[in-house]
Amino acid sequence: MADYSELVGLIKQAAREAVNAGAPSDVCFGTVISPSPLSILVDQKMTLTAAQLVLTRNVTDYEVQCEIDWKTETKESHKHDITGVKKMKVKNTLLAGEMVILLKQLGGQKYIVLDRIATA
């Protein structure tokens, strides 16, 4: 939850500063150069590092509780049900080459990585 609270705080701060300055925060696009350590190339001229980035849940691995009702499917005689509330890990880490949408905090000190851009 600390990441969520930090994100909300940064969005609120950016909104307050934008209102005070009379200018909104900038939305920009970037390409992931390296997932670890994370670096993102913005506008083909500036590379952002992990220290400058705030990641949303849309671009990170996270765990979630799911209610499931599955039956195993095998060709062998061993079959069973899998039911109930289970913890699952969503693998959502950014990969090299992916394009992302960023929200630049007023002043350009931090960038919030909102989501990846779907490619066809």
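Which residue is the bridge partner of L53 in β8? The partner is Y111.

This is a predicted model: local features need pLDDT of at least 70, side-chain atom pairs count only at pLDDT 80 or more, and totals for chains, interfaces and linings use all residues. Residues are numbered from 1 along each chain as its sequence is written, and side-chain values use heavy atoms, with hydrogens and water left out.

**The sheet**

Six strands form an open sheet with mixed pairing. Their order is β3-β2-β1-β7-β8-β4. The edge strands, β3 (46–49) and β4 (53–55), each pair on one side only. On average, neighbouring strands are turned by 40° against each other, direction ignored. Such angles run from 0 to 180 degrees between N-to-C directions, with axes as lines fitted to C-alpha atoms. Strands are DSSP runs (E, at least two residues), numbered from the N terminus. Two strands pair if DSSP finds at least two bridges between them. β4 pairs with β8 (residues 111–116) in the parallel sense, over three bridges.

The table gives their contacts (heavy atoms within 4.5 Å). Residues up to four places away in sequence are not counted for L38 or for S39.

| Residue | Relative accessibility | Contacts |
|---|---|---|
| L38 | 12% | V32, L48, T49, A50, L53, L55 and L94 |
| S39 | 12% | T31, V32, I33, S34, T47 and L48 |

L38 counts as buried because its relative accessibility is 12%. Buried means under 20% relative accessible area (1.4 Å probe, protein chains only). S39 is also buried, at 12%. L38 and L94 are 56 residues apart along the chain, yet 8.5 Å separates their C-alpha atoms.

Technical notes. Buried means under 20% relative accessible area, exposed over 50%, partly exposed in between (1.4 Å probe, protein chains only). Helices (H or I, at least four residues) and strands (E, at least two) are DSSP runs, numbered from the N terminus.
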